[in-house]
Amino acid sequence: MRRLAAVLVLIALAPLFDAPLSLGSDTASNPTSERLDRYGDPLPAGAVLRLGTIRLRTGVSVRSLSFSSDGHVLAGVSGPEIVLWDAATGRLIRRLAVEDSRKTGSAGRNTAIDIDFSPDGTAIVALCENGTVQLWDARSGEKRWQQLGPTDRAHAVLFAPDGATFAATADNGTLTLWDTSSGAVLLALHLTTRGQWWQTPIAFSPDGKVLACGVGADIRFFDLTRGIEMPAIKRAHEDEITRIAYGPDGKTLFSSGAEFKDTGPQTGIELGQLRSFDVATQTKTREFFGDTPVNGGCVFAISRDARTAVSRQLNSLMIWDVASGKVTRTIPSYWLPLAASDRHIDSMWGFGPKVLAMSADGKMIACSATPLENVLLWDVSSGKQQPAFPEAHSSAVHGLACTPDGSRIATCGGDGTVRLWDAVDGKPQKTFVLSDSFPCRLETVAFSRDGKTLVAAGQDRRQRENVGFVRIWDAESGAIRREVEAGSEVSKIALSNDGSKLLIERNTMIDF
């Protein structure tokens, strides 16, 4: 069963029964009668309220992000769709459905793996899970063309600086160069004889004449005008290369990657790396993390002038002054809901190499909120989320309840929070955070008969173990009345009419 997105709408039911159905007019199409939510976004037909926001919310994990060249639009891959947002406000611009005749994936739906904006911002190229390549008009939302790729599993896609061509890589070790206008394959290279499980990063030189590609632990270079391979940077990273980018003069190459180290017979750690290289001599010029290894993998994004960069390691974002190699700002626990920004994170999360993006002017960062399901935009100068929606859920809504008098609504979700709303105007009233340690997921919420007690339950993270957990609050003051550890994930709860008993469903077990 599909979860609710990170937003709820209230539907007016009475007119459906009290008024005759009319097909003669469409009031929803009349701008003067269109209902809007608190942020000015249209409500679905029949809805009277929206609890939360649809801005920068997708309902599923985002796997690739790309800014338009002017930084005004952000595109992201969300399941079988490409979603476009206004970067200044987070307002949804449009959704592009990624479908074709070779449907694969969950429920027969095709999914984009990677996307990229053309340099002029007029087109978006999508590389799909089944190897299909699609080109979209970013302004109209129309698909210009679609072609079958060389493999059933795509990796990465990137436009050349002039936008006339783009390159794509795949897990069978192939690299293809495509003509943007016609969709014709101009060049196909076999980079390796064996598959590459990690995404194969690519980067064009500023003049578009050279294409760099991370293959295994090496960075290889291909002269596209002469059709020859140039000397490679051998062992640029010890075990994997996650992303590469040229500096504006074409003389410097930046790369992120990792080294895997065994710590025991069946244990190991991943050490993140961020480096720069002299392209002409194939030598390393800087180790950004110095002699202090960073636990967890690393990916990065960089501004067009290569003066500012951002890297992501585990649960932190680091903003770099590239010239000095110094960190100017660290954003810890970046993915936590703002209401829980001071809580502890008890897990290590993997992430894709394209879920971090920086605007060309270096003023804005976009990233997915793994393991949640929203997109975050950060202002580089202030280190603040902009826009921010602290009162809205950051992940799918799993449970909801209404007070007996109908005045308030409680919602809970995958972001570990319970939120109280005014049922009349939809304004947020209070936010309760279940756990002191994340990740935490709430599945169900209930009010007592008098509406003064609030109960929520789900899965908590304690000492690196997932445990079922129930918390009881005073709905007015927010004071915790009681906590119950349930042993395994709690899926449903119910209070007796007199409020003296609590019914807990734990997967297939029901306890009093």
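Predicted model: local features only at pLDDT ≥ 70, side-chain atom pairs only at ≥ 80, totals over all residues.
At 0% relative accessibility, F166 is buried, because the cut-off is under 20%.

Next, show the aromatic rings. The whole structure holds eight aromatic pairs. Start with W145 and W178: their ring centres are 6.3 Å apart and their planes meet at 20°, so this pair counts as stacked. W145 belongs to strand β10 (residues 143–147) and W178 to strand β13 (residues 174–179), so colour both strands. The pair joins distant parts of the chain, 33 residues apart. W145 is buried at 9% relative accessible area. W178 is buried too, at 1%.

F166 sits in strand β12 (residues 165–170), twelve residues from W178 in β13.

Now look for charges over rings. R38 lies over the face of Y39, 5.8 Å from the ring centre. Then go to R286. Its charged end sits over the ring of F288, at 5.6 Å from the centre.

Move on to N315, in the loop between β25 (308–313) and β26 (316–321). N315 is buried, with a relative accessible area of 12%. Show its contacts beyond four places in sequence: I331, P332, S333, Y334, W335, I345, S347 and W349.

Zoom out to finish. The protein has one helix and 44 strands. Of its 512 residues, 53% are buried.

Conventions:
Residues numbered from 1 in each chain as written. Heavy atoms only, no water. Helix = DSSP H or I, 4+ residues; strand = E, 2+ residues; numbered from the N terminus. Buried < 20%, exposed > 50% of the residue type's maximum accessible area, 1.4 Å probe, protein only. Contact = heavy atoms within 4.5 Å. Phe/Tyr/Trp six-rings, centres within 6.5 Å; stacked < 30°, edge-to-face > 60°. Lys NZ or Arg CZ within 6 Å of the ring centre and 35° of its normal.
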